[in-house]
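Subject: Structure for your review

Dear colleague,

I am passing on the structure below, and my notes on it follow. Please read them with the coordinates open beside you.

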Amino acid sequence: MHEKELRLALVCYGGISLAVYMHGITKEIWKLTRASRAFHAGGNGLSLSEQLYLELLRKIAADNNLTLRVLTDIITGASAGGINGIFLAQAVATGQSLEPLTDLWLEKADVDVLLDPDARPLGKFTKFWAAPIAWYVANRQGGTIDTTVASEAREEVRAKLTRFVRSRWFEPPFGGQVLSGMILDAFDLMASSPPDGSLLPPGQPLDLAVTVTDFHGHPETLQLNSPPRVVENEHRLVIRFRHDPEQEISLGSTIALTFAARATSSFPGAFPPFKLRELDSLVSARGTQWPDRAPFLSSIIPQSGKLVDDISLVDGSVLANAPFKAAIEALRDRPARREVDRRFVFIDPKPGIRAISLNRPGKGDLPGFFTTILGAMSELPREQPIRDNLEDIAARSTRIRRMQHIVDALTPDIDAAVQALFGKTFFIDKPTTKRVAAWRAKAHDRATADAGYAYAGYAHLKLAGIVEGLADLAARIAATRNEALPEDFRHRLWAEIRARGIDDIRLPGEGRNNTTIAFFRAHDLGFRIRRLRFMARRLTALVDSGEAVDAEIVNLRHVIYASLAPLIDLENAATYRTISLASPSTFLDDVATLQALPQRDEAVDIALAGGLIACPRAHRRQSLLAYLGFPYFDISTLPMLQGEGLEEFNPIKVDRISPDDAQSIRRGGAAATLKGIEFNSFGAFFSRKYRENDYLWGRLHGAERMVDIVYSTLTSPAPAQEIMAAKRALFEAILTEEEPRLTNIAELFASLRQEVARVPLENAATTD
């Protein structure tokens with residue numbers, strides 16, 4: 001069975017009250033990953049919709065000979081998207097449930113709950129001078145309420161709008177500590193549900209990042225030529241978390257996560273800026289402890305000498321509403337034990353709809369004074385297009401495709417060189433362990449000799465990569481022990497390399513430097529991993545081209561990935577618990593002893609010999625050519641890797657989830673489906689009906705896009721009828737699951753059941 005991982009890097013935009021809609025989407029992603037975990041590891045207690053996702057994965061396996069695993073391992077967000085991303089990360093890492101959060105969103109994300117206690121009107125005469133304004137706003141005939149609010153919800157919205165307008169002026173009406181308390185309550189609710197295990201496969205880390213804005217800014221030093229240093233005030237901050245059990249790193253305490261969620265969602269004007277004392281006061285009042293307070297604060301607050309208590313943090317979407325960069329940075333060092341289909345999936349709840357609506361000048365007219373000022377403060381930074389981020393992703397994918405083209409072009413010549421090296425009868429011989437080892441050594445020596453002057457640059461690049469990787473490993477080992485690695489450790493490590501003469505790289509024909517060769521044999525872990533991945537890609541290419549079927553190569557594929565697993569484990573800092581960091585010399589020797597790469601080479605040779613014998617002769621030949629010819633390819637392509645993509649070495653695809661992209665049930669995008677877009681995107685805070693509406697559409701839209709994305713992993717497009725049938729079944733299941741809970745939108749359920757029944761199964765468009 002062909003194995004593939006569909007890995008989602010989720011980027012969640014801000015959306016103010018559309019946070020409820022995004023909760024529905026992230027909940028659907030969570031349900032799909034739960035079904036995927038059950039598909040691979042078993043599990044009970046799946047909901048009706050989760051069972052349908054499970055059946056979808058089983059059908060894909062049966063019809064396409066593809067075992068697909070779906071996981072979310074990178075999550076970034078801003079503002080409302082940041083809150084939802086944090087909750088999803090906690091559920092993925094711990095196995096806790098998102099189900100309890102739905103009632104919390106529906107009940108508590110309301111203006112009457114969010115108003116600061118000090119801002120609430122105490123009686124009908126409180127701020128009586130504001131009553132005429134509140135009356136005018138709420139009751140103006142033909143106004144916003146009459147034209148945008150359904151008749152059955154108008155009284156609720158009018159009453160809450162009146163209280164909202166009569167709350168304190170010139171200060172944010174919503175309570176910061178109220179929101180912090182709600183977030184902590186949410187984590188308590190999640191913890192109260194029985195956990196059933198992480199949704200990540202063993203060895204897979206999870207990276208979480210949310211953006212915040214340092215209102216006053218902090219000094220950052222920039223290195224120039226002249227003057228040598230300048231100081232610039234920086235306002236952007238990214239709060240990062242990592243979950244990696246193999247390195248004994250947990251996502252973080254719920255209080256640290258609450259800090260991040262509260263800070264990223266401090267929407268200007270609605271919530272007060274977040275300050276540390278707010279959370280400290282809440283923690284003290286609840287009588288709880290914050291165990292990771294010191295290391296957490298030291299990891300996010302700039303080392304500028306500024307006191308943590310002085311920093312005021314506001315909404316992350318002010319400067320970074322689409323935090324793609326943090327997700328791109330998390331791509332490095334992603335372990336991959338099987339083929340990976342990497343997707344960047346971004347949730348944009350209201351594409352093309354501004355958060356703050358102002359009167360717009362006509363085309364060609366200059367914007368007025370207030371439009372310019374308010375736009376500069378609240379709109380332009382938030383609405384900046386994501387083109388630059390997508391271009392970065394596209395450039396990376398282009399580099400990967402370019403390298404693949406180069407590999408394809410080199411393959412005939414390299415295959416011919418390997419065949420010439422061993423003779424025509426070589427591939428008739430049975431690949432015993434002894435022969436594989438001898439062939440490997442002979443091919444490596446010949447590739448080095450044939451490289452000529454190119455070898456020196458390649459070898460220096462390899463050496464630099466190995467040494468810098470070892471320095472990074474030492475830093476990570478120290479971090480797992482809460483130790484401080486000496487700042488000059490990297491320099492002393494390089495000094496040790498030079499003292500041993502390892503950096504004396506010689507061209508072929510100038511005599512062997514056995515010290516350098518021994519160092520590569522003992523420490524070049526990356527080469528071993530790249531070589532096995534190269535073999536795996538050659539096997540995949542055979543299947544994709546139709547030259548082989550999975551059944552013929554399945555054993556060899558398992559052998560390759562089984563051989564990869566222990567090598568990948570050597571990249572985890574937790575593997576090196578006993579390694580001493582006292583000196584670079586001792587560190588180098590101890591790492592070499594623990595890794596035992598020459599002995600692991602022998603184990604790989606044994607495994608490959610067995611796997612190759614089980615292959616048909618033609619596929620055995622292709623696999624041996626890839627394994628033995630890899631040194632030629634590595635010399636040619638290593639400079640193109642640029643230090644990234646060594647694990648997930650495939651082009652990245654980008655998918656969006658928004659109302660505009662999920663129109664199988666109803667067309668018209670956000671305007672036709674969502675209520676939270678009203679009142680400058682605060683609409684869902686004013687009505688439970690609105691929140692129920694948006695949450696339900698979030699699940700429906702999320703389900704539709706998840707089906708699209710899952711089917712798009714297939715090499716050959718699935719029949720459109722099959723895809724639409726899967727969507728319709730999920731739509732019906734979601735309506736069945738949610739109707740008992742969402743009691744205020746009976747008319748919407750009646751309408752949706754009719755609309756779902758009309759979802760066409762014939763003549764539907766195929767997936768990308």
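How many salt bridges does the count come to? With a salt bridge defined as a side-chain nitrogen of Lys or Arg within 4 Å of a carboxyl oxygen of Asp or Glu, the count comes to 46.

Before the details, a word on the source: this is a predicted model, in which local features need pLDDT of at least 70 and side-chain atom pairs count only at pLDDT 80 or more, while totals for chains, interfaces and linings use all residues. Residues are numbered from 1 along each chain as its sequence is written, and side-chain values use heavy atoms, with hydrogens and water left out.

Salt bridges

Side chains of opposite charge can pair when their charged atoms come close. Glu5 pairs with Arg7 in a salt bridge whose closest N and O atoms are 2.7 Å apart. Here I use buried for under 20% relative accessible area, exposed for over 50%, and partly exposed for what lies in between, with a 1.4 Å probe and protein chains only. Glu5 is buried because its relative accessibility is 2%, and Arg7 is buried with a relative accessible area of 1%.

Asp661 and Arg656 also form a salt bridge, again with the closest N and O atoms 2.7 Å apart, but Asp661 is partly exposed at a relative accessible area of 24%, and Arg656 counts as partly exposed at 25% relative accessibility.

In a further salt bridge, the side chains of Glu704 and Lys727 meet at 3.6 Å, N to O. Glu704 lies in helix α27 (residues 688-711) and Lys727 in helix α28 (residues 720-738), so this pair ties together parts that are 23 residues apart in sequence. Helices (H or I, at least four residues) and strands (E, at least two) are DSSP runs, numbered from the N terminus. Glu704 counts as buried at 4% relative accessibility, and Lys727 likewise counts as buried, at 5%.

A buried lysine

Lys27 is found in helix α1 (residues 19-41), and it counts as buried because its relative accessibility is 0%. Its side chain is joined to that of Tyr695 by a polar contact of 2.8 Å, where a polar contact is a pair of N or O atoms within 3.5 Å; within protein, one must be able to donate a hydrogen and the other to accept it, and residues adjacent in sequence count only if both atoms are side-chain atoms. Leaving aside residues up to four places away in sequence, Lys27 touches Leu98, Glu99, Thr102, Tyr695, Glu738 and Arg741, contact meaning heavy atoms within 4.5 Å.

Positive phi

Most residues other than glycine have a negative phi, and most peptide bonds are trans. Ile16, however, has a positive phi near 55 degrees; this residue lies in the loop between β1 (2-12) and α1 and counts as buried at 7% relative accessibility. Asn65, which is not a glycine, has a positive phi of about 55 degrees and lies in the loop between α2 (48-64) and β2 (66-78), where it is partly exposed, with a relative accessible area of 30%.

With kind regards
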